[in-house]
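Trainee: I am new to this structure and would like to learn how to read it. Please take me through it one feature at a time.

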Amino acid sequence: MLRRVSAFGFRLSAGSRSWQSRQLPRYTLPVLRVARLAVAEQAQGHGVGKALLRFALALARQTAEEVGCIGVVVDAKPEAQAFYRQYGFEAFRVLEGALLERPEPLPMFLPLSAIPSSS
C-alpha cells in the first residue's frame, strides 16, 4: 500500500540580509531563514502547516541563542503570504541578498521577540 507524505518539512539556516523597513536599520543583520515549508494539497487545512511552523519557530528561538540573530525570514509565495501574516510576519524590501535565480517571492520577517517561548 502506497502512502503519501502529507508534509515535506522545512529547512532552517542562518544568514544575513540587508533590507529596508520602518522598524529596522538599513544595514546587514543576522537572521534565521525558514525555507521549503510545505504541506501536500490534500493535507492542507488540517493544522499540519501550523504545526510545522510552530516547530520551526521554536527551533529558531533555541538556535538563536547559539548563533545570535534578530528574527526569522521566510520567502513567501503569493499563495502563502496570508498564512505567514496570521503569525505576525511582515513584508520588507530586500536591499542585498535577493534570490535572483527564480521568481521573486515576498520576503517576510518575524522578530525574535514575537516568537512565544513555548511556540
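Predicted model: local features only at pLDDT ≥ 70, side-chain atom pairs only at ≥ 80, totals over all residues.

Trainee: In which helix does Leu-52 lie?

Mentor: Leu-52 belongs to helix α1, which covers residues 48–67.

Trainee: Is Leu-52 buried or exposed?

Mentor: Buried means under 20% relative accessible area, exposed over 50%, and partly exposed in between (1.4 Å probe, protein chains only). Leu-52 counts as buried because its relative accessibility is 16%.

Trainee: What about Lys-77, buried or exposed?

Mentor: Lys-77 has a relative accessible area of 54%, so it is exposed. Lys-77 sits in the loop between β3 (71–76) and α2. Along the chain, Lys-77 and Leu-106 are 29 residues apart, yet their C-alpha atoms are separated by 6.4 Å.

Trainee: Which residues does Gln-81 touch?

Mentor: A contact means heavy atoms within 4.5 Å. Not counting residues up to four places away in sequence, Gln-81 touches Ala-76, Leu-106 and Met-108. Gln-81 is part of helix α2, residues 81–85. Gln-81 counts as buried because its relative accessibility is 17%.

Trainee: How many bridges join β3 to β6?

Mentor: Two strands pair if DSSP finds at least two bridges between them. β3 and β6 (residues 106–111) run antiparallel and are joined by six bridges. Asp-75, for instance, has Pro-107 in β6 as its bridge partner. Strand β4 (residues 90–91) also runs antiparallel to β6, with two bridges joining them. There Glu-90 stands opposite Phe-109 of β6.

Trainee: How many residues does the largest nonpolar core have?

Mentor: In soluble globular proteins, nonpolar side chains tend to be buried together. A nonpolar core is a set of buried Ala, Val, Leu, Ile, Met, Phe, Trp, Tyr and Cys residues joined through side-chain atoms within 4.5 Å. The largest one here has 21 residues, and those with the most contacts inside it are Leu-57, Val-72, Val-74, Tyr-84 and Phe-89. At least two residues of this core come from each of β2 (29–39), α1, β3 and β6. Helix α1 gives the most, with six residues. Leaving aside neighbours within four places in sequence, the contacts of Val-74 are Val-34, Tyr-84, Phe-89, Leu-106, Pro-107 and Met-108.

Trainee: How many aromatic pairs does a search of the whole structure find?

Mentor: A pair of aromatic rings is described by the distance of the centres and the angle of the planes. Rings of Phe, Tyr and Trp (its six-membered ring) pair if their centres lie within 6.5 Å; planes under 30 degrees apart count as stacked, over 60 as edge-to-face and the rest as tilted. The search finds three pairs. One of them, Phe-83 with Tyr-87, is edge-to-face, at 5.2 Å centre to centre and 65° between the planes. Tyr-84 and Phe-89 form another edge-to-face pair, at 5.4 Å and 75°. Both Tyr-84 and Phe-89 are buried, whereas Phe-83 counts as partly exposed at 23% relative accessibility. Phe-83, Tyr-84, Tyr-87 and Phe-89 make up one aromatic cluster.

How values were computed: Residues numbered from 1 in each chain as written. Heavy atoms only, no water. Helix = DSSP H or I, 4+ residues; strand = E, 2+ residues; numbered from the N terminus.
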